[in-house]
Structures are given as C-alpha cells and as structure tokens.
Amino acid sequence: MEKKRNLKQKLKIGKTIFFKDVKHAKWAILSVFAYFVLLRKFFITICPAVLITGLPCPGCGMTRAFIRLLHLDFAGAWQMHPFVYLFMIFILWFGIRRYILGISDTKKAWKILAMLGILMILFYIWRMLRYFPGNPPMSYYYGNVLLNLHHIIKSFLQI
C-alpha cells in the first residue's frame, strides 16, 4: 500500500515537473512546430541541409521513421532510419529518470546524446557510401538552393 501511494506521489511530482518543462520550453516547441509547418508547406523538404545542398543529412529519414513508428510500422521505421529506436530508448530512459524517479542528471543525458550523434554521423557516412544517390532517404534533391543558384548564375553569365 505504501509503495502504491509513493508511486502516485512520484507520478504527481513528475507530472508537475513535466508541465513546468513544457512551459519553460514553450517558445522552442512553438518554433519547431512553425518550422515544420512552414517549410513543409513552401519547400520540398523540412531539412535545411537538403533544402540548401540537395544532399541528405545524418538525420534524414528520422522524422519519417518516427511517423512510421506512430503507425506501428516497425520495419518501415527501421528502413527509414534505424537510429529511431535508439532515440526512442533514450527518450524513455530520460523520461522515466526525470519524471518518475526524479533523477535530473543532464550531464549524463548530454553525453549519451553526443555519443548517439557521433554514431549517427558514422552511420551516415556508411549509408552515403552504400546507398547514395539511390534509395530514399539517401537521395539527391534537385530543387535545392545551390543548384538553382548555379543555374541562375550560369544563365546570367551566358547573357
């Protein structure tokens, strides 16, 4: 009985901390949401690297992988970006520690994120060597800024 009450109390405290965190990050959350909506509506992609260079970035496919996870398409999520599972594990680990256990060790979380970032860059290099420019998301996007700028300059110089 005591453990059940203790868990309820921890969950109540965790809920308070969660809403405080969301309130603290509200402008960042709104900015990310606006970014996704505006870029998706007006450009070929939401990825700034793809938009500018036409080349996929290390995280290319991650948004699509998260969406596939939401649809319970586990194989499709893996195909889009296998790191989606590592990030989901990190999110669960961080959420349980911060909001249920009340442990707030941001240094450890940043170290884990840095390690995931390095691994993701190494995976990106392998994926570029193996799949570029064929299989999505490792495709070249022709509507990018640099290519369009190149065509504008080239046509200007020919005049």
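**View 1. The salt bridge between Asp21 and Arg98.** In this predicted model, the side chains of Asp21 and Arg98 meet in a salt bridge, with an N to O distance of 2.7 Å. Asp21 sits in helix α1 (residues 2-24) and Arg98 in helix α6, so the pair ties together parts that are 77 residues apart in sequence. How many salt bridges does the count give? The count comes to one. Asp21 is partly exposed, at 23% relative accessibility.

**View 2. Arg97, a buried arginine in helix α6.** Arg97 belongs to helix α6. Its side chain is buried but makes no salt bridge. Which side chain of opposite charge is nearest to Arg97? That is Asp105, at 4.1 Å. The cut-off for a salt bridge is a nitrogen to oxygen distance within 4 Å. Beyond its neighbours within four places in sequence, Arg97 contacts Gly102, Ile103, Asp105 and Lys108.

**View 3. Arg127, a buried arginine in helix α7.** Arg127 is part of helix α7, which covers residues 106-131. Is Arg127 buried or exposed? Arg127 is buried, and it has no salt bridge. The nearest side chain of opposite charge is that of Asp73, 14 Å away. A polar atom of the Arg127 side chain lies 2.8 Å from the backbone oxygen of Cys60. Cys60 is also one of the residues that Arg127 touches, once residues up to four places away in sequence are set aside.

**View 4. The largest nonpolar core.** This core holds 13 residues. Which of them touch the most other members? They are Met62, Ala65, Ala77, Phe83, Val84, Phe87 and Met120. Helices α4 (62-70), α5 (74-80), α6 (83-100) and α7 each give two or more residues to the core. Leaving out neighbours within four places in sequence, Ala77 is in contact with Ala65, Arg68, Leu69, Pro82, Val84 and Tyr85. Ala65 and Val84 are, like Ala77, among the core residues that touch the most other members.

**View 5. Leu72 in the loop between α4 and α5.** Leu72 lies in the loop that links α4 and α5. What is the phi of Leu72? The angle is positive, about 60°, although Leu72 is not a glycine. Leu72 counts as exposed, with 60% relative accessibility.

**View 6. Segments annotated as transmembrane.** An unreviewed UniProt entry lists residues 27-55, 75-96 and 108-126 under "transmembrane region". In the predicted model, residues 75-96 are 91% helix and 0% strand. The end C-alpha atoms of this span lie 26 Å apart. Residues 108-126 are 100% helix and 0% strand. Here the end C-alpha atoms are 27 Å apart.

**View 7. Ile112 in helix α7.** Ile112 lies in helix α7. It is partly exposed, at 24% relative accessible area. With neighbours within four places in sequence left aside, Ile112 is in contact with Phe90 and Trp93. How far is Ile112 from Thr53, C-alpha to C-alpha? The two atoms are separated by 29 Å, and the residues are 59 apart along the chain.

**View 8. Leu7 and Lys8 in helix α1.** Leu7 is placed in helix α1, and Lys8 lies in helix α1 too. Leu7 counts as partly exposed, at 43% relative accessibility. Lys8 counts as exposed, at 58%. For Lys8 and Ser104, the C-alpha distance is 19 Å, and the sequence separation is 96 residues.

Technical notes
Residues numbered from 1 in each chain as written. Predicted model: local features only at pLDDT ≥ 70, side-chain atom pairs only at ≥ 80, totals over all residues. Heavy atoms only, no water. UniProt positions renumbered as here; feature names shortened; annotations may be inferred. Helix = DSSP H or I, 4+ residues; strand = E, 2+ residues; numbered from the N terminus. Buried < 20%, exposed > 50% of the residue type's maximum accessible area, 1.4 Å probe, protein only. Lys, Arg positive; Asp, Glu negative; His and termini not counted. Polar contact = N/O pair within 3.5 Å; in protein donor to acceptor, adjacent residues only side chain to side chain. Contact = heavy atoms within 4.5 Å. Core = buried A, V, L, I, M, F, W, Y, C linked by side-chain atoms within 4.5 Å.
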